[in-house]
Amino acid sequence: MKMNKIDEDKIKKLILEYQEGNNSILNTIIKEISIYVYNFPIIMYNRELDEAGEFYIYFIERIENVIKNFQDKGYKFTTYLTASLINSFKNFLITKRKTLKVIYESELSNINILYLLSDLKEDENVNLEKSIEFFNTLDEFSKLIIKTFIFELTPEDLKLISKYTGKPIQQVINEYEEIYKNVNKKYIKRKKLIESINKKPTKTKMEKLKKLNTLCGYSDVGKLLNLSVSNVGVSLKRIREKFKNYAYKNLSTL
C-alpha cells in the first residue's frame with residue numbers, strides 16, 4: 001500500500017481560501033486529504049484498519065487547527081501534514097491509553113512526567129516525546145522537583161537532596177521512606193483497580209482509573225526538598241510555563 005498523493009497546488013489554494021474566511025471549503029479540504037490521513041497509521045506504524053479508522057476520526061475532529069496553523073513557506077503541505085500526523089498519532093495513543101486501556105507501572109514514569117508538566121490538560125502541541133526532551137534540559141534542582149512528584153528518585157538523587165537541603169543523608173532516607181508508604185498505597189489501590197478492570201472492564205472503572213494518579217502530594221514534595229507548599233506550587237508553575245514555551249517554540253518550522 002502507498003500513501004495517496006496530494007495535489008499540492010490545489011490543496012494550498014483551498015487552505016488559503018479557508019484561512020481567508022470561506023469556512024464552507026472545509027469539507028472539500030478533508031476530501032482531498034482523507035485517504036492520506038486514513039492510510040497514515042497503516043503504512044507508517046503497521047496498525048490495523050480499525051485503529052486507523054479511530055485515528056482518522058480523532059484527527060479530522062482536530063483538522064481545523066491543523067489547517068489554520070499552516071503557513072506556506074515554500075515547503076510541501078504534505079510535509080507539514082505528515083509532521084502533524086506524527087504528533088497527533090502520539091497524542092492519540094496517549095489519549096487511547098488513558099481512556100480505553102490500562103497504563104501499567106512500567107509505562108507510568110514517562111507518562112507521569114507528561115501529565116505533571118501539562119497540568120493534566122490535553123493539548124495537541126504537547127506530547128510524550130517533547131516532555132521528555134524538555135525534562136532533559138532542566139537544571140538539577142528542577143529535575144529533583146519533577147522526580148520527587150513522580151517518585152522516581154535514585155540513590156544519587158537522595159544524595160543531591162541532602163546536598164541542596166543541608167539535611168543529613170539518613171534524615172533524607174527516612175523522609176523518603178515515609179513518602180514511599182503514602183505513594184505505595186496509591187500504587188496498591190491502582191493495581192487492585194487494574195486487576196478488577198482486567199476481569200470485568202466498565203466505563204465507571206476506567207473513569208476512576210483515569211482520575212487516580214500516582215504522584216506525590218505537594219506537602220510530601222515540600223517536606224523532602226525543604227520547601228513550603230506554596231513554594232512547591234510556585235516552582236511547579238514556573239516549570240510548567242517553561243514547558244509550555246518549549247512545546248510551542250518553533251512549532252511551525254519543520
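Which residues in α2 meet which residues in α3? In this predicted model, I30, S34, V37, Y38, F40, P41 and I42 of α2 are in contact, meaning heavy atoms within 4.5 Å, with L49, A52, G53, F55, Y56, F59 and I60 of α3. Residues are numbered from 1 along each chain as its sequence is written, and side-chain values use heavy atoms, with hydrogens and water left out. Because the model is predicted, local features need pLDDT of at least 70 and side-chain atom pairs count only at pLDDT 80 or more, while totals for chains, interfaces and linings use all residues.

Confidence comes next. The predictor's confidence in each residue is given as pLDDT, on a scale from 0 to 100. The protein has a mean pLDDT of 79, with 81% of its residues at 70 or more. Helix α1 (residues 8-19) has the highest confidence, at 93, and helix α6 (residues 105-117) the lowest, at a mean of 56; helices here are DSSP runs (H or I, at least four residues), numbered from the N terminus.

Two packed helices are described by the angle between their axes and the distance between the axes. Axes are lines fitted to C-alpha atoms, for helices over the stretch in contact, and angles run from 0 to 180 degrees between N-to-C directions. Helix α2 (residues 26-45) packs with helix α3 (residues 49-60) at about 135°, their axes 8 Å apart. The two are therefore oblique to each other, a word used for angles that are not under 35 degrees (roughly parallel), over 145 (roughly antiparallel) or 65 to 115 (roughly perpendicular). The contact of α2 with α3 comprises twelve nonpolar, two polar and no charged residues. In these classes, Ala, Val, Leu, Ile, Met, Phe, Trp, Tyr, Cys and Pro are nonpolar, Asp, Glu, Lys and Arg are charged, and the others, Gly among them, are polar.

With helix α9 (residues 155-165), the axes come within 11 Å and cross at roughly 120°, in a left-handed crossing. Here E140, F141, L144 and K147 of α8 meet D157, L160, I161, K163 and Y164 of α9. This contact has five nonpolar, no polar and four charged residues.

With helix α12 (residues 218-225), α8 packs at about 135°, the axes 9 Å apart, and the crossing is right-handed. F141, L144, I145, T148 and F149 of α8 meet Y218, V221, L224 and L225 of α12. By class, eight are nonpolar, one is polar and none is charged.

Terms used: Left-handed = near helix turned anticlockwise from the far one by under 90°.
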